[in-house]
Amino acid sequence: MSQTSLKQKKKNDTGSKNSKDSIDTEKRKDSEKSGVRLSTQESQESPLPKTDSRGYVVRNQWSRTSRSPSTRAPSVDETRSKSASLKLPASSTTSRTSSTSRSQQDSQKELSAQPSPPTPPMPLDSSPPTPPESYSQSRRSSKMQENPEAWAHGIARDSMQLREYPPRTPPTEWKSYAQRRTTYSTQLDRDCLSELPRQQQLEEEEEDDEAYWASVRTLYEKTPSCSRPRPPKPKHAITIAVSSRALFNMVDGRKIFEEEGLEKYMEYQLTNENVILTPGPAFRFVKALQHVNARLRDLYPNEQDLFDIVLMTNNHAQVGVRLINSVNHYGLLIDRFCLTGGKSPIGYLKAYLTNLYLSADSEKVQEAIQEGIASATMFDGAKDMAYCDTQLRVAFDGDAVLFSDESEHITKEHGLDKFFQHEALFENKPLAQGPLKGFLEDLGRLQKKFYAKDERLLCPIRTYLVTARSAASSGARVLKTLRRWGLEIDEALFLAGAPKGPILVKIRPHIFFDDHMFHIEGAQKFGTITAHVPYGINQKMNN
């Protein structure tokens, strides 16, 4: 072939090459322009992951300059972009084929065809080296970076598993807020309430509080008052001092004291301090006094003119526990105790401003009478007799009890006829007062308080005069004396020497005062509770 043809052929080849190169460059420019557009759009949506020479996505590369990675939680958009970019290497390479030219693909094929340097095999149990974690980095942050979507779903699932709500109740079993608080825990209840508006929450709490206090108010209105009334002031009260043997039955302890001595007696009382004592002769009388106090407090809430019972005993203080237990067991309102530890309690009677002293020991009664204090020895009656619980009934003998014993002296010295003549002669002259005249005055003063409230027929106090006098011959002087004193007696029974026992059975008094043991024993046979007033005390009681 000639040189001209060869030259022409070379020119044609170079022209074709140039034309091919120009076409390739134009295509490359167009593809680069479109690639720039796609890359800008993808860069706006999410950054492209880095790839190695083999086209595999490079994981998080740790910077040599910063030791700790960023622990910022990915946003929702970032998780979507990362999940789209982390699917497969093939999808990422195919998405970029539109932006790469054929020459670049050929160069990549040539590079991939070249033998790569051998990589040392990794053991099965080995893992890629990780940078050292700081103390503040938690395990949750590493999981969050590896798989943010699974981490987010895992937190939601764990939070739903932590909240274990009780089964919902049907509408017929709705409960109030205070009752629901016991069902739900405090944290769950706070979380539920935090979702409600603040104003609605406050309104519900106010409604629940009002409903709660309304229920409490109705409960206390239906429940009877159990508050213990305060004792009256001693200077205004009618003080009744009662010994422990008169209030309770302490015969067994008294027998041990007399036969075995004081130490055995105290040991017996300490051993049986939780054993309740049985009622004594003055027990029903004390209960009736408390009923009068209750009625007076109903009519006069601030009344101080009341009965005040004082337990007066020469027992040791260690025995006081058993007495207190017995008093509380029967509901007796006895707040003042006097435990003298073997000494006579008579010296304390005036200090307690005692108006009446009742005891089972006749010797101590005699001592009290010598001190000028109205006293009586108690004797028990029949236990099966029914006594009135709504009215205090007190029966008095006349001579040597309410009045002086001058008539007794005339009868014993001059006979009964002289006595009748004396009473007729001094009919308009009041009798001298006896030892229990003051107690009758106290009862009459309380009665007038009920009369002022139009409670005469329903008065809880009733007094009786049961005397052996004859009404025709000597009864007028008695009634005129009571009138002169300004006292009223509800019932006057003149027996003219007849036995008093049958009359007392009809009356059923809580206590009957008499100065003759003959009448006391006769009344005891009929089951009457009696109080013996020793004879001859009128001289000490006169003013």
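**Charges and burial in the model**

Student: Why is D308 called buried?

Tutor: D308 has a relative accessible area of 5%. Buried means under 20%, so D308 counts as buried. The model is predicted, and the value is computed from it.

Student: What makes D308 and R336 a salt bridge?

Tutor: Their closest N and O atoms are 2.7 Å apart. The cut-off is within 4 Å, so the pair counts as a salt bridge. The pair links distant parts of the chain, with D308 in strand β2 and R336 in strand β3 (residues 336–339), 28 residues apart.

Student: How do you know that K449 and E303 form a salt bridge?

Tutor: The closest N and O atoms of K449 and E303 are 3.5 Å apart, and the definition asks for within 4 Å. K449 belongs to helix α18 (residues 437–452), while E303 sits in the loop between α13 (283–299) and β2 (307–313), so the pair ties together parts that are 146 residues apart in sequence.

Student: Is E303 buried or exposed, and what makes it so?

Tutor: E303 has 13% relative accessibility. With the limit for buried at under 20%, E303 counts as buried.

Student: What makes R456 and E488 a salt bridge?

Tutor: The closest N and O atoms of R456 and E488 lie 3.8 Å apart, and the rule is within 4 Å. R456 is in the loop between α18 and β7 (461–467) and E488 is in the loop between α19 (471–485) and β8 (491–494), so parts 32 residues apart in sequence are tied together.

Student: Why is R456 called partly exposed?

Tutor: R456 has 49% relative accessibility. Buried is under 20% and exposed is over 50%, with partly exposed in between, so R456 is partly exposed. E488, at 44%, is partly exposed as well.

Student: How many salt bridges does the structure hold?

Tutor: The structure holds 17 salt bridges. D399, E423, R469 and R477 are linked in a network of them.

Student: Why is E210 called exposed?

Tutor: E210 has 58% relative accessibility, and exposed means over 50%. E210 therefore counts as exposed. Its place is in helix α9 (residues 198–222).

Student: What makes the patch that contains E210 one of negative charge?

Tutor: The patch gathers E203, E204, E206, E207, D209 and E210 on the surface. Asp and Glu count as negative, so the patch is one of negative charge.

How values were computed:
Residues are numbered from 1 along each chain as its sequence is written. This is a predicted model: local features need pLDDT of at least 70, side-chain atom pairs count only at pLDDT 80 or more; totals for chains, interfaces and linings use all residues. Side-chain values use heavy atoms; hydrogens and water are left out. Patches are made of residues with over 30% relative accessible area and no salt bridge: like charges are joined within 9 Å, nonpolar side chains (Val, Leu, Ile, Met, Phe, Trp, Tyr) within 5 Å. Accessible areas come from the Shrake-Rupley method with a 1.4 Å probe; for residues, only the protein chains shown count as cover. A salt bridge is a side-chain nitrogen of Lys or Arg within 4 Å of a carboxyl oxygen of Asp or Glu. The place of a charge is taken as NZ of Lys, CZ of Arg, CG of Asp or CD of Glu. Helices (H or I, at least four residues) and strands (E, at least two) are DSSP runs, numbered from the N terminus. Buried means under 20% relative accessible area, exposed over 50%, partly exposed in between (1.4 Å probe, protein chains only).
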